[in-house]
Amino acid sequence: MDFYATNPGPIDDSVLYDQEKHVSSAIWEGQERGALRCHEHTSKLDQWALTSKQIELVKRAGFGYLRLIPAISLDNPLISALVERWRRETNTFHFTVGEMSITLEDVGYLLGLPIDGEPVIGVTYTTCDAVCMKFLGRIPDSGSTSGGMVKLSWLKETFSRCPFDAPIEEIERHTRAYLLYLVGSTVFSTTTGNKVPVMYLPLFENFDRAGRYAWGAAALSFLYRALGNASLRSQSTISGSLTLLQCWSYFRLNIGRPRLNHDPIHDRFPFVFRWKGKHTGPSTNRDVTFYRKALDSLKPSEVEWCPYRNISDALLPEDIRDNLILGRSNTMLICFDKAERHLPDRCLRQFGLRQPIPLDVQQWERKSRGVDGGVDLSGKMETELSEWSDRHLRVVDVDDDVEESQYLHWFLKITRKLVGRPVPISSEFQRMNAALRDIANVADMLSTHGMDDQQMHAVTRIRFLAHECLRDQIGSMMIADVTDSDLNEVEKKIRGKERIRRKGMGVKRRRKDDMGSHFQNHSVSSQQQFCIATPIDMLDPAASMCHVENDDMDMCADDSQLCYMPGKLDESTQLSDAANDIDDSSFCRTVEEMDHNLLSENGDIGQQNDYSVLV
């Protein structure tokens with residue numbers, strides 16, 4: 001059997017040290033979370049009617065190209081499968097072919113945002129009134145704010161149409177509101193769904209000064225943080241520039257890529273336009289499992305390492321073209337309190353270079369530094385700001401004689417090669433059960449004639465443990481003894497077509513409690529059938545007889561042979577049949593959802609019966 005069928009990695013956890021927190025561990029244990037809720041709010045951007053003067057101010061602020069990008073139909077299952085491959089320890093995707101990442105080069109080509117300039121950082125706010133009054137000339141009503149955030153709907157309803165004869169001060173206020181709405185619905189979208197922090201407003205006070213910020217680097221820092229958070233096993237949502245993430249995948253991976261509506265020769269800048277609008281291509285109706293399997297078996301021929309090589313430089317704005325070299329800068333990306341490492345030295349093949357074994361990544365703790373209002377974060381992030389100021393000095397290059405085979409050999413040891421199980425959990429359960437039955441049969445037939453006390457003690461212990469494990473497995477499998485309607489309900493919740501979870505935690509908790517109590521009633525009554533009236537005496541290996549009585553089975557043991565009484569039920573056969581009748585998802589989720597009170601009734605079973613984890 002393939003080694004990765006039982007051990008998906010990492011073999012060496014020095015790089016992926018947070019594996020237990022990662023969603024791939026939960027998936028391997030059978031805990032599916034379905035497709036992520038994707039928060040990007042571009043659908044109403046076209047409802048803003050900007051005047052020519054406003055458009056000029058938007059261009060001066062550095063958002064002239066971002067304003068033009070249309071709404072892209074998001075493929076939630078594809079995004080979710082990509083997130084399962086993202087590792088916050090390295091800020092890269094770990095694919096079967098090696099590491100890849102979204103770099104500043106990708107941001108420049110795809111979004112057209114400035115990737116060089118001053119860091120996007122400033123003062124945090126916990127209330128909105130004062131800053132909105134200063135920069136927008138209006139105070140939102142109490143129902144439109146939450147702490148230091150304002151609703152996107154209030155911005156659109158109040159500022160989406162600027163009078164043509166408005167004075168310049170009013171035009172600037174309407175434009176600042178639009179810019180706040182633009183970043184809050186695209187590159188800085190949050191998981192709140194419809195709010196944006198007002199801390200960005202002061203950066204739009206002077207439009208020429210705003211154009212000197214590295215908005216592209218800030219957008220990438222924000223997306224890195226969002227990917228890292230979404231890759232944790234406890235998360236169900238993702239935010240940030242998901243258009244950037246999805247179009248990056250379209251350019252570089254031949255998985256889920258829709259058919260183009262035009263010849264690439266007609267591309268225009270920024271290059272997300274290639275994938276404009278909704279698609280009816282092969283990605284339609286594909287779920288997370290489909291994309292996960294595709295990424296688990298990703299081939300080098302399905303990767304486009306340098307997708308921009310044939311794009312003419314004449315299509316690029318000068319400020320973008322001159323700074324693309326920063327795509328290879330090992331630096332710190334900053335967006336207020338979000339500081340994330342940009343590590344292109346781990347994916348140099350994306351720049352047409354050979355990939356050596358990269359340097360170790362220094363572990364760093366991600367902290368939210370903006371807990372108090374009125375805090376200027378510049379004074380709290382000196383180290384991160386220093387790294388960004390040296391960005392042009394930190395550009396990575398490699399020698400031409402690098403041997404990539406050494407990198408690939410190293411990578412296979414430190415990566416998580418598989419996310420989905422190549423062998424279903426139910427099959428794993430059946431295989432383990434068969435092995436236990438074989439061990440029990442061998443131990444039963446083994447003669448202890450001529451053995452000394454220590455050897456007889458060992459054989460007796462093996463007999464006891466083998467049959468004890470079989471009994472415990474049968475006890476845990478009794479949770480499968482549910483009605484058809486119950487099982488159908490479980491399957492609807494778990495297996496359907498990658499349902500996006502939108503209901504509150506209170507509803508989930510009630511369902512869990514109801515299902516847990518139902519399974520408890522079945523399990524407790526079923527386990528009573530398999531209790532041991534008189535356990536084998538482990539302390540006296542020379543004992544002439546150990547007797548176990550049971551409603552379904554009699555088992556006798558002397559110092560030469562342990563056997564089942566004829567005509568009685570073969571527990572292991574029942575267990576194997578039960579395992580055949582239950583599918584992977586419902587089995588794993590059912591075990592997971594058993595009420596903890598059931599497990600606490602028998603400490604041994606509580607410790608031994610977690611068969612949703614088989615590695």
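How many cavities of 30 Å³ or more does a search of the whole structure find? The search, carried out on a predicted model, finds 5 of them.

**Second largest cavity**

The second largest cavity holds about 90 Å³ of space. Its lining draws on Glu40, Thr42, Leu45, Leu66, Ile69, Pro70, Leu111, Thr186, Val187, Ser241 and Thr243, and by class these lining residues comprise 6 nonpolar, 4 polar and 1 charged. Leu111, one of the lining residues, is also among the residues of helix 4 that meet helix 10.

**Helix packing**

Two packed helices are described by the angle between their axes and the distance between the axes. The table gives these values for two pairs.

| Helix pair | Axes come within | Crossing angle |
|---|---|---|
| Helix 6 (residues 152–159) and helix 7 (residues 168–185) | 10 Å | roughly 150 degrees |
| Helix 4 (residues 104–111) and helix 10 | 11 Å | roughly 100 degrees |

Since angles over 145 degrees count as roughly antiparallel, helix 6 and helix 7 are therefore roughly antiparallel to each other, and helix 6 passes helix 7 in a left-handed crossing. On the side of helix 6 the contact is made by Leu152, Leu155, Lys156, Thr158 and Phe159, while helix 7 contributes Arg173, His174, Ala177, Leu180, Tyr181, Gly184 and Ser185. Divided by class, this contact of helix 6 with helix 7 has 6 nonpolar, 4 polar and 2 charged residues.

For the other pair, the axes of helix 4 and helix 10 cross at roughly 100 degrees, which makes helix 4 roughly perpendicular to helix 10. Here Glu105, Asp106, Val107, Leu110 and Leu111 in helix 4 meet Leu244, Cys247, Trp248, Phe251 and Arg252 in helix 10, and the residues of the contact fall into 7 nonpolar, no polar and 3 charged.

**Backbone geometry**

Most residues other than glycine have a negative phi, and most peptide bonds are trans. Against that background, a cis peptide bond joins Gly9 and Pro10, with omega about 0 degrees, and Pro10 lies in the segment before helix 1 (23–28). The peptide bond from Phe269 to Pro270 is likewise cis, with omega near -5 degrees, and Pro270 is placed in the loop between helix 10 (242–252) and helix 11 (288–296). Asn91, a residue other than glycine, has a positive phi near 50 degrees; Asn91 is found in the loop between strand 2 (86–87) and strand 3 (92–95).

Notes:
Residues are numbered from 1 along each chain as its sequence is written. This is a predicted model: local features need pLDDT of at least 70, side-chain atom pairs count only at pLDDT 80 or more; totals for chains, interfaces and linings use all residues. Side-chain values use heavy atoms; hydrogens and water are left out. Axes are lines fitted to C-alpha atoms, for helices over the stretch in contact, and angles run from 0 to 180 degrees between N-to-C directions. Helices (H or I, at least four residues) and strands (E, at least two) are DSSP runs, numbered from the N terminus. Angles under 35 degrees count as roughly parallel, over 145 as roughly antiparallel, 65 to 115 as roughly perpendicular and the rest as oblique. A crossing is left-handed if the near helix is turned anticlockwise from the far one by less than a right angle, and right-handed if clockwise. Contact means heavy atoms within 4.5 Å. Ala, Val, Leu, Ile, Met, Phe, Trp, Tyr, Cys and Pro count as nonpolar, Asp, Glu, Lys and Arg as charged, and the others, Gly among them, as polar. On a 1 Å grid over the protein atoms alone, a cavity is a set of points where a 1.4 Å probe fits but cannot get out, and a pocket is an open set with protein on both sides within 12 Å along at least five of seven lines; lining residues have an atom within 4 Å of a point. Grid points are joined across faces, edges and corners, and a volume is the space filled by probe spheres set on the points.
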